[in-house]
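Please look through the sequence and the model below.

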Amino acid sequence: MILVTGGAGFIGANFVLDWLRTSDEPVVNLDALTYAGNLENLASLKGDPRHVFVQGDICDRALIDRLFAEHQPRAIVHFAAESHVDRSIHGPGDFVRTNVNGTFTLLEAARGHWMSLEGEARAGFRFHHVSTDEVYGSLGPTDPAFTETKTYEPNSPYSASKAASDHLVRAWHHTYGLPVTTSNCSNNYGPYHFPEKLIPLMIANALAGKPLPVYGDGMQIRDWLFVTDHCSAIRAILANGTPGEVYNVGGWNEKPNIEIVNTLCALLDELKPDPAGSYRRLITYVTDRPGHDRRYAIDARKIERELGWRPAETFDTGIRKTVEWYLANQDWVAHVQSGAYRDWVEKNYAGRE
Ligand code: NAD
Ligand code: TYD
């Protein structure tokens, strides 16, 4: 049995679905169901006894202690977080609470549980912390990609809160010996991605005939990875990673935002042509995000060398699957575009020219 936090969100849900496709080991899934958590992501697991869903907060120590005692998980995979940079600019408090205090609470509960174990159970226990490449800061155009020894230079409230959580995880290993591993992954994309993030937002807006808001000059670079490749990397680390180690995970796939948006328009023009003309007509340059990081790139050689992991999808295959998924699941998009979602869109985009 493993304990997953944040398993109703984008990557966590993909991880739980993948896990139960490839293994019979049960999952306890702890998620607070914030705006980003959605049980529809897990609808295909309805009635499956291998999946136990618990609605709750990772800051609730008594609840976490109870889950450890009741289910005796051999590992915890920690996804739960506030994850959107733009939201962290408008309201950083939730990011510090969940990403820093929540991770601290989980570490303390896990440490208490681990110390009560003996023999193989104790030696085999793992705490895997899911983090981001954004903790490393922003790269210049010719800088080498981030390695695991790159200094931390977080620039947004989101990346600063994730950096803080990474430091706590590191310290719990060095000070207490807790068997932790950490992955720092680049931007993910794929099914169940909440339409506040670049790729699903552009698809949803295009299909609704709305402007495609490109921040600044659109030349910011991200290193995109298909979500199931992130899931397989985490499985590899859980199975064979070394306690105390950090693994960078990325897609070897750096692209400027405007190229991503153009690719999405071209795929939609092919798969769902709009009689009004190419979706490119909707591209609109808007005021940039404050403190916007210019470039992220991951050097993923360590995880390949030590654990034999490489991404299975290319960007061409992954992005086509993603657009096809959104076209086939427009009900899912409609359901998550609730009143609260519309309020967010109003707040984030109204002030931009
Ligand atoms: P997401 O926002 O889609 O999902 C986060 C989930 O955590 C939601 O289900 C939410 O309900 C839950 N949650 C939030 N606060 C909680 C709390 N206090 N207690 C319990 N559950 C809570 O995020 P995501 O994109 O799936 O990201 C998952 C993890 O991966 C995060 O830690 C993020 O930092 C990391 N990450 C994301 C990306 C990316 O491109 N999305 C890249 C690298 C790393
Ligand atoms: P996002 O998906 O929010 O991920 P992150 O900020 O964590 O990298 O954004 C990806 C890139 O797309 C980032 O450079 C900001 C940019 N972007 C836009 O240009 N327009 C948008 O409406 C959004 C949401 C993002």
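**From the sheet to the ligand site**

Strand 6 (residues 180-185) and strand 11 run parallel and are joined by four bridges. Within this pairing, Cys185 stands opposite Val249 of strand 11. The model is a predicted one, and the values given here are computed from it.

The pair belongs to an open sheet of seven strands, in the order 3-2-1-4-5-6-11, with parallel pairing. Which strands stand at the edges of this sheet? They are strand 3 (51-55) and strand 11; each has a single partner strand, so one side of each is left without a neighbour in the sheet. On average, neighbouring strands of the sheet are turned by 20° against each other, with direction ignored.

The next stop is ligand 2. Around ligand 2 there are 17 residues, of which Glu134, Arg222, Arg289, His292 and Tyr349 come nearest. Sorted by class, this shell has seven nonpolar, five polar and five charged residues. Strand 8 gives the largest share of the shell, three residues.

Several side chains place polar atoms by oxygen atoms of the ligand. For His292, a polar side-chain atom lies 2.7 Å from an oxygen atom of ligand 2. Asn257 has a polar side-chain atom 2.9 Å from an oxygen atom of ligand 2. In the side chain of Asn187, an N or O atom is likewise 2.9 Å from an oxygen atom of the ligand. How much of ligand 2 does the protein bury? Taken alone, the ligand exposes 510 Å², and the protein buries 97% of that. Helix 7 and strand 8 (212-215) are the elements that give two or more residues to the shell.

Two loop residues remain, and both concern the backbone angle phi. Most residues other than glycine have a negative phi. Tyr192, although not a glycine, has a positive phi of about 65°. Tyr192 is found in the loop between strand 7 (188-189) and helix 7 (198-207). Is Tyr192 buried or exposed? Its relative accessible area is 17%, and because buried means under 20%, Tyr192 counts as buried.

The other residue is Trp252, also not a glycine, with a positive phi near 50°. Trp252 is found in the loop between strand 11 (246-249) and strand 12 (254-256). With a relative accessible area of 40%, Trp252 is partly exposed.

Notes: Residues numbered from 1 in each chain as written. Chains lettered and ligands numbered in written order. Predicted model: local features only at pLDDT ≥ 70, side-chain atom pairs only at ≥ 80, totals over all residues. Heavy atoms only, no water. Buried < 20%, exposed > 50% of the residue type's maximum accessible area, 1.4 Å probe, protein only. Near = heavy atom within 4 Å. Polar contact = N/O pair within 3.5 Å; in protein donor to acceptor, adjacent residues only side chain to side chain. Areas by Shrake-Rupley, 256 points an atom, 1.4 Å probe, with all protein chains shown as cover. Nonpolar A, V, L, I, M, F, W, Y, C, P; charged D, E, K, R; others polar. Pairing = 2+ DSSP bridges. Axes fitted to C-alpha atoms, helices over the stretch in contact; angles between N-to-C directions.
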